Amino acid sequence: MAAERKAISGKLKLVISYNDENDILCEKSVQMRNLVNGVDPANVVTAVNAIGTLYEDPITGIHEIVENEITA
């Protein structure tokens, strides 16, 4: 039997950059869970841009985290 990989969980980590009270550039992140796997990257960017309007500071990074199950 051949080994197989199946995506079972998807997350996005959005990185937000801001300047602290000492004007030092910092980052914080927001995670979104239980997302659909295999979404077109352009659609992810469109959604993140819309979500970004809810934050005062810019979203400067998008990280997709996929958990896979491997069976044999």
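Reader: What makes Asp40 a cap for the N-terminal end of α1?

Author: Happy to show you! In this predicted model, a side-chain oxygen of Asp40 lies 2.8 Å from the backbone nitrogen of Ala42.

Reader: How do you know what length to expect for α1?

Author: Helix α1 covers residues 41–52, which makes 12 residues. At 1.5 Å a residue, 16 Å is expected, and the helix reaches 16 Å from its first C-alpha to its last.

Reader: Why is Arg33 called exposed?

Author: Its relative accessible area is 60%. You will find Arg33 in the loop between β2 (25–32) and α1. Leaving aside neighbours within four places in sequence, Arg33 is in contact with Gly10 and Lys11.

Reader: What makes β1 and β3 a pair?

Author: Two strands pair if there are at least two bridges between them. Strand β1 (residues 4–19) and β3 are joined by 12 bridges, so they pair, and they run antiparallel. One of the residues involved is Lys13, whose bridge partner in β3 is His63.

Reader: And why do β2 and β3 count as edges?

Author: The open sheet has 3 strands in the order β2-β1-β3, with antiparallel pairing. β2 and β3 (59–71) each have a single partner strand, so one side of each has no neighbour in the sheet. On average, neighbouring strands are turned by 25° against each other, direction ignored.

Key
Residues numbered from 1 in each chain as written. Predicted model: local features only at pLDDT ≥ 70, side-chain atom pairs only at ≥ 80, totals over all residues. Heavy atoms only, no water. Helix = DSSP H or I, 4+ residues; strand = E, 2+ residues; numbered from the N terminus. Expected span 1.5 Å × (residues − 1). Polar contact = N/O pair within 3.5 Å; in protein donor to acceptor, adjacent residues only side chain to side chain. Buried < 20%, exposed > 50% of the residue type's maximum accessible area, 1.4 Å probe, protein only. Contact = heavy atoms within 4.5 Å. Axes fitted to C-alpha atoms, helices over the stretch in contact; angles between N-to-C directions.
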